[in-house]
Amino acid sequence: MQERLQARPRAGSRRVGSRLKALLQGNSAMQVDAVWTNLHLATLDTPSGYGEIEDAAIAVRDGRITWLGPRARLPQNLQSAVSHDGGGGWLTPGLIDCHTHLVWAGSRADEFERRLQGASYAEIAAAGGGILSTVRATRAADEQALYEQSLRRLHALSAQGVTSVEIKSGYGLELHAERRCLRVARRLGSEQRVHVTTTFLGAHTLPPEYAGRADDYIDALATTLLPALHAEHLVDAVDGYCEPIAFTPAQLRRLFDAARMLGLPVKLHAEQLSDGGGAQLAASVAALSADHLEYVSDAGLAAMAGAGTVAVLLPGAYYALRETRAPPVAAMRRLGVPMAVATDCNPGTSPCASPLLMLNMACTLFGLAPDEALAGMTRHAARALGLHADRGRLAIGLRADFALWDVAHPRELAYWIGGRSCVGRVVDGVPVEAT
Ligand code: DI6
Ligand code: FE
């Protein structure tokens, strides 16, 4: 079953035959690069639900979807260079993990043990641990070591159907180390079969060199680090951590002003531990997303709804911090705030590289329906990255990034607690070998 489900070309003779036939038929043929049949589609291209098409076919050309629908309606004149057998599985848009801190060095398993013995996250941070312990390890690591450690995490994500991932910097906190992290993220995107977008999170926490001088650090980010890294084409978006233990809305607004001068979209870690007005700040600068939001106020959510800012829900961090206040999902639904779901893969508060586990937790811990969770890691995740015109749904013209699943129905993706149901990925129309 597993074997049959793998998306792969059929025998070479068929490939030659269909090309020849297409040539003989001249322009009347609808020529495509590849077609998949013997599968069902969950297009996620509907306002709710999965957008199911049973016994379907989907065709791609030049890395984009050119046709999809019930197999019985496959155009008679469609000529495909390659045919793939979906083995009776379900095909969804490739998963999009729209919030990760994937690139770091070292481990914080020791802090996990200390927290189990009663120490709090804040106490550990105050004693020089927490984010700063990862900053020390990351600054000490060379580019190759960082690449290799991060690659293992990327493989874990892609094994569960991820075809696009956002990677934040934020464990360097000075020019050279931030550059190294962003370069590693870019290299992952160019050497691996997964799309990577980068986010500059220099405003993650205050580095020790700037103790007591948060405003000076923000100025350095806005006037030196961000412009330099942007000039090196290393930055696709800018993020900040808006909490009393990190930066204030006023400080982050200065950084966002600099981002906007460079034409970069912004995102914000907001209201994870307290309500500091981050959601309003995000909305006021038309941020792509505000992320976490356990403590968001009604006014903050209303502002986000007005600005079209996506709420990115991060159940891994909620779980790992044993938080008890869930983000206000019912109000988000009522106000029409799109909800994305992501791993927040990071060494401190979400040591998790399982997008499927996050789908499950978004349902069990936050009350999303399984179709909402899947939309959160496809359609709405694409919006959280500003990429919704290009990916996150199965629709004609969109990028042909797919995940193929050995499940009887797409609701199983959130039902399993983790799981190994991904049996194939397609990136830009080309099947990817499992890693
Ligand atoms: N929010 C978080 O939960 C993490 N970063 C952030 O902005 C914490 C990251 C860490 O502890 O390493
Ligand atoms: Fe985060």
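This is a short talk on a ligand site and a handful of residues in the structure above.

Okay, one thing before we start: what you have on screen is a predicted model. I'll begin with the ligand and then go through some residues.

So, ligand 1. Where does ligand 1 sit? The answer is the largest cavity. Who is around it there?

Now the polar atoms. Take Tyr 171: an N or O atom in its side chain is 2.6 Å from an oxygen atom of ligand 1. Then His 204, where a side-chain N or O atom is 2.8 Å from a nitrogen atom of the ligand. And His 269 has a polar side-chain atom 3.3 Å from an oxygen atom of ligand 1. How much of the ligand does the protein cover? On its own, ligand 1 has 320 Å² of accessible area, and the protein covers 100% of that.

A bit of background: most residues other than glycine have a negative phi. Ala 286 is not a glycine, yet its phi is positive, about 50 degrees. You'll find Ala 286 in the loop between helix H10, 278-284, and strand S10, 289-292. The other one is Asp 344, also not a glycine, with a positive phi near 60 degrees. Asp 344 belongs to the loop that runs between strand S12, 339-341, and helix H14, 355-364.

So, buried or exposed: what are Ala 286 and Asp 344? Ala 286 has 54% relative accessibility, and the cut-off for exposed is over 50%, so Ala 286 counts as exposed. Asp 344 has 1%, and buried means under 20%, so Asp 344 counts as buried.

Next, a charged residue on the inside. Glu 166 is in strand S6, residues 162-168. Its relative accessible area is 0%, so Glu 166 is buried. Which side chain does Glu 166 make a polar contact with? That would be Lys 168, and the contact is 2.8 Å side chain to side chain.

His 195 is in strand S7, residues 195-203, and at 14% relative accessibility it counts as buried. His 195 and Thr 43 are 152 residues apart along the chain, and their C-alpha atoms are separated by 20 Å.

Pro 70 is in strand S3, residues 64-70, and with 25% relative accessibility it counts as partly exposed. From Pro 70 to Arg 399 is 329 residues along the chain, with the C-alpha atoms separated by 20 Å.

And Tyr 318, in helix H12, residues 315-320, is buried at 11% relative accessibility. Tyr 318 and Ala 302 are 16 residues apart along the chain, but 23 Å separates their C-alpha atoms.

That's my tour, thanks.

Key:
Residues are numbered from 1 along each chain as its sequence is written. Chains are lettered from A and ligands numbered from 1 in the order in which they are written. This is a predicted model: local features need pLDDT of at least 70, side-chain atom pairs count only at pLDDT 80 or more; totals for chains, interfaces and linings use all residues. Side-chain values use heavy atoms; hydrogens and water are left out. A polar contact is a pair of N or O atoms within 3.5 Å; within protein, one must be able to donate a hydrogen and the other to accept it, and residues adjacent in sequence count only if both atoms are side-chain atoms. Accessible areas come from the Shrake-Rupley method with a 1.4 Å probe; for residues, only the protein chains shown count as cover. On a 1 Å grid over the protein atoms alone, a cavity is a set of points where a 1.4 Å probe fits but cannot get out, and a pocket is an open set with protein on both sides within 12 Å along at least five of seven lines; lining residues have an atom within 4 Å of a point. A molecule sits in a cavity or pocket if more than half of its atoms lie within 2 Å of its grid points. Helices (H or I, at least four residues) and strands (E, at least two) are DSSP runs, numbered from the N terminus. Buried means under 20% relative accessible area, exposed over 50%, partly exposed in between (1.4 Å probe, protein chains only).
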